[in-house]
Amino acid sequence: MEYSSITVTPLTPGIGGVISGVDLTQPLSNAQVDDLHKALDDRLVIFFRDQQIDHEDHKRFANYFGGIHIAPSTKPWQVPGHPEVTKMHADGDSKFVAGEDWHTDMSCDEAPPLGSVLYLHTIPPVGGDTIFANMYDAYEALSDRMKAYLEGMTAIHDSRQAFGDITPDGMELPRSSHPVIRTHPSTGRKSLYVNRGFTTKLEGVSRAESDAVLAFLFDHLQHPIYQCRFAWQPHSIAFWDNRCSQHVATWDYFPQVRSGYRIQILGDRPF
Ligand code: OGA
Ligand code: MN
């Protein structure tokens, strides 16, 4: 992939790219924005180092990729005066952290976010990595027989599965049906779209068959060959494409502090 205005250093052959040559405290040029779109399509998740951004910088960056998605479920963690921004924080009092199971963000919504921009300013001395996985590659590695079986099938994604134990008062608990194989609106590529965090049932088959096939798919898509692992530093940013990747938080740093902010970008209904 050729870029005119940025440098992209792959993290693994299949997924992840560290971007250099941009300053996210300043508006970007059209060439940079075009190159970042290309880098996201090619790498699925892109990373930035040493970007000391404020909430306005964070929003400006997210808006280069779409409108901002304000999930009702994030309300308890919204930053006062900036409802678009969710505080992401863990310390010695935390009972859970976001994303401890493999997931795509809010696949329980009819139109899940296109992607998320996570900025961390405080990180533990060691640990707290985020792992990302390439769902195009997970799809392509399936046998032709399995691809044919899954083609046209839909699955239920239920927020009760993800948030059932930690539902703050008044939080909505959406549930949606989405294709098991989805097509990316920009790259045109097919990817596997079921995740352990939200997907509860393949539709049109028995419970036993659904449980068995989902167990196979969840195991399959967690193979390390599809993954990259990002080691945060203070003021790093990760921006993932939520339509063709999954991720998981590594909460191995309790009771240390890890803290920052996240913005989600509006997405379309998966097809
Ligand atoms: C998220 C998420 C993982 C992490 O913000 O959606 O899953 O490592 N975060 O914080
Ligand atoms: Mn997440």
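Here is a short walk through this predicted model, going from the ligand to a histidine in a helix.

Let's start with ligand 1. If you're looking for it, go to the largest pocket, because that's where ligand 1 sits, with more than half of its atoms within 2 Å of the pocket's grid points. Around ligand 1 you'll find Met88, Gly99, His103, Asp105, Leu118, Thr130, Trp240, His247, Ala249, Arg258 and Arg262.

Now zoom in on the polar contacts. Thr130 has a side-chain N or O atom 2.6 Å from an oxygen atom of ligand 1. With Arg258, a polar side-chain atom comes to 2.8 Å from a ligand 1 oxygen, and for His103 the distance from a polar side-chain atom to an oxygen of ligand 1 is 3.1 Å. How much of ligand 1 does the protein cover? On its own, ligand 1 has 290 Å² of accessible area, and the protein covers 97% of that.

Next, have a look at His55. You'll find His55 in helix α2, which runs over residues 55–63. Is His55 buried or exposed? His55 counts as buried because its relative accessibility is 18%, and the cut-off for buried is under 20%. As for its neighbours, leaving aside residues up to four places away in sequence, His55 touches Val79, His82, Val85 and Tyr261.

Notes
Residues are numbered from 1 along each chain as its sequence is written. Chains are lettered from A and ligands numbered from 1 in the order in which they are written. This is a predicted model: local features need pLDDT of at least 70, side-chain atom pairs count only at pLDDT 80 or more; totals for chains, interfaces and linings use all residues. Side-chain values use heavy atoms; hydrogens and water are left out. Helices (H or I, at least four residues) and strands (E, at least two) are DSSP runs, numbered from the N terminus. Buried means under 20% relative accessible area, exposed over 50%, partly exposed in between (1.4 Å probe, protein chains only). Contact means heavy atoms within 4.5 Å. A residue is near a molecule or strand if one of its heavy atoms lies within 4 Å of it. A polar contact is a pair of N or O atoms within 3.5 Å; within protein, one must be able to donate a hydrogen and the other to accept it, and residues adjacent in sequence count only if both atoms are side-chain atoms. Accessible areas come from the Shrake-Rupley method with a 1.4 Å probe; for residues, only the protein chains shown count as cover. On a 1 Å grid over the protein atoms alone, a cavity is a set of points where a 1.4 Å probe fits but cannot get out, and a pocket is an open set with protein on both sides within 12 Å along at least five of seven lines; lining residues have an atom within 4 Å of a point.
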